[in-house]
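Here's a quick briefing to read with the structure open beside you. Let's look at how the strands line up and where charged side chains pair.

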Amino acid sequence: MFANFTFENPEFFWLFLLLPLAIAWYFWKKNKQTAELRISSTKGFKVKSGLLPKLRPVLFVLRLLSLALIITAMARPRTVDVSTKTSSTKGIDIVMAIDVSASMLARDLQPNRLDALKGVAEEFIKDRPGDRIGLVVYAGESFTKTPITSDKSIVLDALNDIEYNNILENGTAIGSGLATAVNRLKDSEAESKVIILLTDGVNNSGFIDPNTASELAVEFGIKVYTIGVGSNGTALSPVAILPNGRFQFGNIQVEIDEALLKEIAASTGGKYFRATNNEKLESIYEEIDSLEKTEIEEFKYYNYDEKFRPLVLLAGGLLLLEILLRLTIFRSFI
């Protein structure tokens with residue numbers, strides 16, 4: 001109710017400190033407000049206790065209320081209606097190329113690399129309301145999961161649906177994944193085009209050389225951030241499929257072609273990151289989020305509605321009522 005209610009000059013509220021002084025002064029002078037008659041005896045007078053003398057303090061209350069209203073009016077109460085207009089001056093189109101090979105089920109990140117990535121990527125997408133985002137998944141081959149779109153609900157649903165399956169040929173086709181992402185962005189008219197390429201292995205599949213794909217990214221003005229996922233040393237990873245269809249896990253050496261990922265990032269003007277745990281992966285996406293910001297111009301329009309006038313009129317009315325009562329009903333009584 002009072003969310004848009006403000007005071008332009010709140011310093012005048014200090015004047016409320018005068019009210020306790022006025023009350024103290026009133027009680028100190030209370031017995032001297034009416035005329036006194038000194039006589040030797042009051043036996044000849046029959047004193048009647050009427051209602052009117054008891055109501056006389058109403059005059060002081062009216063004056064006190066008038067003073068409080070005037071102080072509040074001096075503080076200039078008003079309501080403000082704020083309307084906002086925003087316009088994006090620099091849009092960013094982003095494609096997230098995600099490795100979905102079996103090794104992404106390794107448990108050096110919790111609960112595994114793929115699920116850890118999905119949780120962090122979900123927050124990243126939610127924090128980019130002004131950008132268009134698409135998804136590309138790859139293993140031994142690649143395909144577009146979601147073309148670039150501004151509808152974040154579609155992207156988030158597609159992200160949650162990503163899981164390892166047997167549809168894609170097993171392996172890690174970094175070149176194919178990057179080329180598919182470039183294909184999604186090559187016709188984009190956005191001022192900034194970005195690919196976030198994530199993998200946990202080396203390029204061992206596909207028909208497109210990663211260097212050729214990075215050259216295409218440079219040609220179309222696309223910046224590539226590369227992320228290598230996996231702890232240093234060994235990780236508990238799938239090594240075989242049991243008869244019941246479940247994976248058998250074993251400790252195998254983590255191999256990430258960091259030299260290739262660094263070369264791709266450097267040639268396209270991006271940056272290479274290494275995520276060895278959940279916290280590092282989260283900080284990487286936060287850093288990318290800070291590096292790639294959409295510039296938004298915001299205009300705010302303020303409409304003020306002054307509320308002091310009714311307070312002044314009410315204060316004047318109370319003062320006038322106090323004067324009228326003092327000159328009429330309370331003019332003279334015992």
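Which residue in E7 is the bridge partner of Thr 199? It's Gly 228. Keep in mind that you're looking at a predicted model.

- Six strands make up an open sheet with mixed pairing, and the order to trace is E5-E4-E3-E6-E7-E10.
- Strand E5 (142-149) and strand E10 (272-275) sit at the edges with a single partner strand each, so one side of each has no neighbour in the sheet.
- Going from one strand to the next, the twist averages 15°.
- Strands E6 (residues 192-199) and E7 (residues 222-229) run parallel and are joined by seven bridges.
- Helix H8 (residues 258-268) packs on the sheet, where it touches E6, E7 and E10. The direction of H8 makes about 160° with that of E7.
- As background, strands of a sheet pair through backbone hydrogen bonds, and they can do so parallel or antiparallel.

- Side chains of opposite charge can pair when their charged atoms come close.
- In this model, the count comes to 16 salt bridges.

**Glu 8 and Arg 78**

- These two form a salt bridge, with their closest N and O atoms 2.3 Å apart.
- The pair links distant parts of the chain, 70 residues apart: Glu 8 is in the loop between strand E1 (5-7) and helix H1 (18-29), while Arg 78 is in strand E2 (residues 77-90).
- Is Arg 78 buried or exposed? Its relative accessibility is 11%, so Arg 78 counts as buried, whereas Glu 8 is partly exposed at 35%.
- Both belong to a network of salt bridges that links Glu 8, Arg 76, Arg 78 and Glu 306.

**Asp 93 and Arg 132**

- Here the closest N and O atoms of the salt bridge are 2.7 Å apart.
- Asp 93 lies in strand E3 (residues 92-99) and Arg 132 in strand E4 (residues 132-138), so the pair ties together parts 39 residues apart in sequence.
- Asp 93 is buried, with a relative accessible area of 3%, but Arg 132 is partly exposed at 33%.

**Glu 287 and Lys 271**

- Their side chains meet in a salt bridge at 2.5 Å, N to O.
- Glu 287 is in helix H9 (residues 278-291) and Lys 271 is in the loop between H8 and E10, so the pair ties together parts 16 residues apart in sequence.
- Glu 287 counts as partly exposed at 29% relative accessibility, and Lys 271 is partly exposed too, at 37%.

Key. Residues are numbered from 1 along each chain as its sequence is written. This is a predicted model: local features need pLDDT of at least 70, side-chain atom pairs count only at pLDDT 80 or more; totals for chains, interfaces and linings use all residues. Side-chain values use heavy atoms; hydrogens and water are left out. Two strands pair if DSSP finds at least two bridges between them. Helices (H or I, at least four residues) and strands (E, at least two) are DSSP runs, numbered from the N terminus. Axes are lines fitted to C-alpha atoms, for helices over the stretch in contact, and angles run from 0 to 180 degrees between N-to-C directions. Contact means heavy atoms within 4.5 Å. A salt bridge is a side-chain nitrogen of Lys or Arg within 4 Å of a carboxyl oxygen of Asp or Glu. Buried means under 20% relative accessible area, exposed over 50%, partly exposed in between (1.4 Å probe, protein chains only).
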